[in-house]
Amino acid sequence: MLTDKETDGKNPGSALPAGTVGFLLFYLFTFLLFSCSEAQEHMAAAVNPEDSVSMMTSYGVNTLISDSGVIKYRIVTERWDVNTVRQPSRWEFMKGIFFEQFDEQFHVQAYIQADTAWYFDKQRLWHLRGRVSIRNVNGLIYKSEELYWDGMKHEFYSNVFSRVVTPERTLEGTYFRSDEQMNHYLVTNSKGSFVASDIEGDDQPAPAQQNDSMAAPTVRPAATKHAISK
């Protein structure tokens with residue numbers, strides 16, 4: 001029979017040496033620290049206000065829009081996003097848009113369409129892009145790749161190539177401005193075809209209403225540098 005002194009340090013079930021325990025604790029701490037560091041590196045960045053999603057998204061929209069209590073427009077679009085967090089706040093129509101424009105008697109006055117559109121609600125400003133097209137009740141057809149529609153000044157304007165076709169004439173130019181009804185418009189740096197009465201002067205004077213149709217609307221000071229093309 002062995003004594004306690006003879007069996008000390010030789011029993012397989014006895015505690016591990018202090019050095020071994022310290023090494024295991026150090027290894028475990030290092031492993032946990034490394035794991036926490038890896039988790040932090042894979043965390044997503046904070047969401048900025050510019051990256052915020054729309055507060056409202058509607059699909060298959062066909063709705064009427066009023067202005068000062070009077071129904072003025074019908075909007076048809078595949079997708080309509082409203083984002084009030086981004087600055088400036090806006091409506092987005094990334095799948096295209098189609099308008100019907102009404103008069104006070106609810107008669108259709110014009111059709112407007114574009115591949116993409118943004119409406120900045122605080123400024124009441126539309127920005128239309130991609131195959132912009134307008135047709136009004138007088139037979140005027142407007143086409144461009146970009147057009148702005150100012151709801152405060154009630155006018156359209158564009159700084160890119162535009163084409164205006166009426167029953168009497170065709171105009172093309174790199175600057176365009178018009179009232180909302182497309183009755184009075186301005187085209188500069190233009191070229192196109194005209195009726196004989198436009199160029200023969202006093203021999204065949206043009207009717208007064210044709211001259212009125214080409215009169216320039218009230219425009220910003222910068223626009224007065226350009227002459228009206230007839």
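## Overall picture

Of the protein's 230 residues, 33% are buried (under 20% relative accessible area; exposed is over 50%, partly exposed in between; 1.4 Å probe, protein chains only). This is a predicted model, where local features need pLDDT of at least 70 and side-chain atom pairs pLDDT 80 or more, while totals for chains, interfaces and linings use all residues. Numbering starts from 1 along each chain as its sequence is written, and side-chain values use heavy atoms, without hydrogens and water.

The protein has three helices and 14 strands (DSSP runs: H or I of at least four residues, E of at least two).

## Surface

Leu64, Ile71 and Phe106 form a nonpolar surface patch with about 230 Å² of accessible area together. Ile71 lies in strand β2, residues 70–83. Ile71 is partly exposed, at 33% relative accessibility.

## Aromatic pairs

The whole structure holds 14 aromatic pairs (ring centres within 6.5 Å, the six-membered ring for Trp; planes under 30 degrees apart are stacked, over 60 edge-to-face, the rest tilted). Phe102 and Phe106 are stacked, at 4.3 Å centre to centre and 20° between planes. Phe102 is buried at 6%; Phe106 is partly exposed at 39%.

Trp149 and Phe156 are tilted, because their planes meet at 40°, with centres 5.1 Å apart. Both residues, Trp149 and Phe156, are buried. They belong to one aromatic cluster, whose members include Tyr73, Trp80 and Trp126.

Technical notes:
Patches are made of residues with over 30% relative accessible area and no salt bridge: like charges are joined within 9 Å, nonpolar side chains (Val, Leu, Ile, Met, Phe, Trp, Tyr) within 5 Å. Accessible areas come from the Shrake-Rupley method with a 1.4 Å probe; for residues, only the protein chains shown count as cover. A salt bridge is a side-chain nitrogen of Lys or Arg within 4 Å of a carboxyl oxygen of Asp or Glu.
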